[in-house]
Amino acid sequence: MKAIVYKKYGQPEVLTFEEIAKPTVKENEILIKVHAASVTPLDWHMLTGTPYIARLMAGLLKPKRKVLGTDVAGQVEAVGENIKQFQPGDEVFGLSFYNGAFAEYLCVPKSQLQLVLKPTNISFEDAAATPYAGYTALLCLRDLGCLQPGQKVLINGASGGTGTFAVQIAKSFGAEVTGVCSTRNLERVSSIGADEVIDYTKDDFSQNTGAYDLIFDVVRKRTFSECKDALKPQGIYVTTEFSPALVLQSQWASMTGDKKLVPLPMRRPTQQDFLDLKELLETGKMSSVIDRRFPLEDVPDALRYIGKGHARGKIIITI
């Protein structure tokens with residue numbers, strides 16, 4: 001089978017397009033014929049081996065797994081004898097903690113894969129766009145931000161992969177949503193349901209004193225200290241950034257004030273999380289926003305593009 005392979009950490013130049021052996025399914029594994037994958041920040045961290053804490057999962061000195069790719073959508077080709085939930089022919093999408101989606105086939109132990117049936121009303125590409133970005137948005141808004149109907153939420157970075165899902169998820173919760181993005185993305189963010197859109201090149205949302213119940217900083221461009229005055233009393237600032245120092249800062253903020261700082265925890269999604277994402281897709285309350293599509297052999301170019309930090313939605317790999 002064809003796959004994108006890497007044998008050492010580095011920039012996209014270390015990736016090669018190769019023919020490798022098609023995997024054979026074992027008793028606890030699922031073999032998926034990959035139809036589409038998407039590029040995520042996880043793929044960048046696994047490629048570069050940064051931050052170094054990523055190497056605890058990926059391999060200390062060199063990658064344990066030779067094929068990148070976490071977001072996947074495709075068709076089950078075979079299952080091991082211990083797998084009862086899925087059967088050959090099922091159309092599925094999910095997140096592989098084992099990597100391996102940038103290939104024609106993905107074979108993963110069920111314990112390393114969060115997988116659900118693909119809604120029949122969406123394409124494989126739309127499904128592949130959802131897992132990591134959709135889950136991150138759901139986690140940060142629902143679980144960390146405790147978002148409630150009628151609350152005012154601001155999404156900083158509303159035009160990117162996670163941000164576009166966040167706008168739609170917040171609207172599905174009955175929130176009043178303000179999206180922050182650049183001038184060229186104003187219309188796009190408005191079209192997916194934002195009640196207000198702020199052009200960060202012209203206006204500074206942090207000056208809107210006491211305006212928001214929840215600020216979700218997807219792009220990690222503003223600090224809690226900068227955003228604190230824009231929160232209402234008991235307001236929550238959620239960021240996709242994580243560091244030990246930020247955890248300490250969040251504890252201090254809780255001890256010294258009524259506004260919370262919540263960094264993104266290292267938590268795996270549950271089956272119910274993915275069933276919730278599936279329902280949002282099936283009901284049309286959420287849909288993927290795709291910026292660009294790349295063929296499998298052009299994964300290095302896709303990673304270079306996402307590394308620039310200006311993606312307008314999701315980057316899809318078609319296989």
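Reply: Happy to! Let's start at V72, whose bridge partner in β5 is G94. Strands β4 and β5 (residues 91-96) run antiparallel to one another, paired over 5 bridges. V72 is also the bridge partner, in β4, of A37. That takes us to strand β3 (residues 29-38), which pairs with β4 (residues 71-79) over 8 bridges, again in the antiparallel sense. As this is a predicted model, please read every value here as computed from it.

Now for the rings. There are 2 aromatic pairs in the structure. One of them joins F93 and F274, with 6.3 Å from centre to centre and 45° between the planes, which makes the pair tilted. F93 belongs to strand β5 and F274 to helix α9 (residues 271-282), so this contact ties together parts that are 181 residues apart in sequence. F93 counts as buried because its relative accessibility is 0%. F274 is buried too, with a relative accessible area of 0%.

For the other pair, look at F224 and Y237: their ring centres are 5.8 Å apart and their planes at 50°, so this pair is tilted. Here helix α7 (residues 224-227) supplies F224 and strand β12 (residues 231-239) supplies Y237, so the parts tied together are 13 residues apart in sequence. Both of these residues, F224 and Y237, are buried.

Two charged side chains are worth a look as well. Back in β3 (residues 29-38), K33 has its charged end over the ring of Y105, 5.6 Å from the centre. R268 lies over the face of F97, 4.1 Å from the ring centre.

Conventions
Residues numbered from 1 in each chain as written. Predicted model: local features only at pLDDT ≥ 70, side-chain atom pairs only at ≥ 80, totals over all residues. Heavy atoms only, no water. Pairing = 2+ DSSP bridges. Helix = DSSP H or I, 4+ residues; strand = E, 2+ residues; numbered from the N terminus. Phe/Tyr/Trp six-rings, centres within 6.5 Å; stacked < 30°, edge-to-face > 60°. Buried < 20%, exposed > 50% of the residue type's maximum accessible area, 1.4 Å probe, protein only. Lys NZ or Arg CZ within 6 Å of the ring centre and 35° of its normal.
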